[in-house]
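Student: I would like to learn how to read a few local features in a model of this kind. Could we begin with side-chain contacts and then turn to pockets?

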Amino acid sequence: MQTSLFAGVEELPRDPILGLTEAFVADKSPNRVNLGVGVYQDASGKTPLLACVKQAEEALLAKAAPHAYVPIDGLAAFDAAVAAMVFADSADLAKVSTIQSLGGTGALKLGAEMIRVISPNAKVWISDPSWENHRALFSAAGFTVETYPYYGADGELDYSGLIKALSAIPAGDAVLLHACCHNPTGLDLSHDQWREIAKIVRARGLIPFLDTAYMGFAEGLEADAFSVRLFASDGGPLFVSFSFSKSLSLYGERVGALCVLTASAQERSRVQSQLKRIARVTYSSPPGHGASAAAMVLTDASLRKQWDDELGGMRERIKKMRKLLADKLTERMPGRDFSYIVRQNGMFSYSRLTKPQAIALREKYAVYALDSGRICVAALNEKNIDYVSECIAKVMAEA
């Protein structure tokens, strides 16, 4: 009998995040809670359709425009609006190459391939820990991926370790930094810390790559752009990946962008040609609907104001859930300090659950958190917060 062509194909482990969701869906417990999902949920536990997006989509539908191909580098109005929002007056936009991407992941992939063009022997440095897909994505692009310290043994930012590591990275290597709302820890850098990091990166000739997937979820759109604009203010070079999945709740539309700050308009043109080639051989052209809606929100003053308000509401709800979780855990475990949950930013929290505790949380109580202890605070609401805090306290007490 002829051996199957696929007989030697290895079955890979499930994605640590998406696999957890699969297990959650299969769980029949009436009390199940998915804290592993990387999606914002409102107070009712649903992914919201923002009113500003709904209005933009209604306007697009009223135009009854055909679904034509989008240019390789995306909708011009979208690209221009994203660059203006991200950089403001911190950079000469004539020097910024912007390309619409398939979400934030697509922007990271385009950036990785562009770094292969300009510095093929570079290593890529990511934080320890980082979003699981960062290592996989850059490794798949052919890079050796190294880590710099970030999360300390005491559960706080290991800033001294971070600075020591950055100060020893060889020139030409790329450093991936989380612009705000660090995923998975929720631990962000202060402005002074960002300034010191920028000086080191520039002095050592490193390639800075800022992943900006959660802009607006820490302190607001303007405040959260601080790190990007700091790096941009000295003229670059700079890579910035951006996503509207969370901030506009456009998850399924895959609306993202890669911005590359270059040294001149001529250099920008050459970089743009390379990015278009990479996109062309990868997916040819991006989808149009979500980007059209995003561009309308960004360029219409009324819709932009509405978006700011809605994003502010999401941000404040997350902060409220952080405080509520910390308070309820403190009630159940007096004497233990849970203030770290409140100090963290964004959708995620490193809860300080150990791997055995996270497994027990799933198996005994159907509360799904990653093995690392990362939980999605945005998945909490007033209906499940008591149950979740009670179960977390139980597994922590059993350790």
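Tutor: A polar contact is a pair of N or O atoms within 3.5 Å, where, within protein, one must be able to donate a hydrogen and the other to accept it. In this predicted model, the side chain of asparagine 381 comes to 2.9 Å from the backbone nitrogen of lysine 383.

Student: Where does asparagine 381 lie, and is asparagine 381 buried or exposed?

Tutor: Buried means under 20% relative accessible area. Asparagine 381 has 7% relative accessibility and therefore counts as buried, although its place is in the loop between strand S11 (374-376) and helix H15 (385-398). Once neighbours within four places in sequence are left aside, asparagine 381 is in contact with Ala43, Gly45, Arg317 and Met321.

Student: What do the buried residues of H14 pack against?

Tutor: The buried residues of helix H14 (residues 355-365), among them Leu361 and Tyr365, pack against helix H1 (18-26), strand S10 (367-368) and H15. Just after H14, alanine 366 adopts a positive phi of about 60°.

Student: How many residues line the largest pocket, and which lie nearest its centre?

Tutor: The largest pocket, with about 620 Å³ of space, is lined by 31 residues, and Gly38, Thr105, Trp131, Tyr214 and Lys246 lie nearest its centre. By class, its lining comprises 14 nonpolar, 11 polar and 6 charged residues, and H5 gives the most, with 4 residues.

Student: What is the volume of the second largest pocket?

Tutor: The volume of the second largest pocket is about 400 Å³, and of its 14 lining residues the closest to the centre are Ala65, Pro66, His67, His289 and Ser292.

Technical notes: Residues numbered from 1 in each chain as written. Predicted model: local features only at pLDDT ≥ 70, side-chain atom pairs only at ≥ 80, totals over all residues. Heavy atoms only, no water. Helix = DSSP H or I, 4+ residues; strand = E, 2+ residues; numbered from the N terminus. Buried < 20%, exposed > 50% of the residue type's maximum accessible area, 1.4 Å probe, protein only. Contact = heavy atoms within 4.5 Å. 1 Å grid on protein atoms, 1.4 Å probe; cavity = no way out; pocket = protein on both sides within 12 Å on 5 of 7 lines; lining within 4 Å. Points joined across faces, edges and corners; volume = space filled by probe spheres on them. Nonpolar A, V, L, I, M, F, W, Y, C, P; charged D, E, K, R; others polar.
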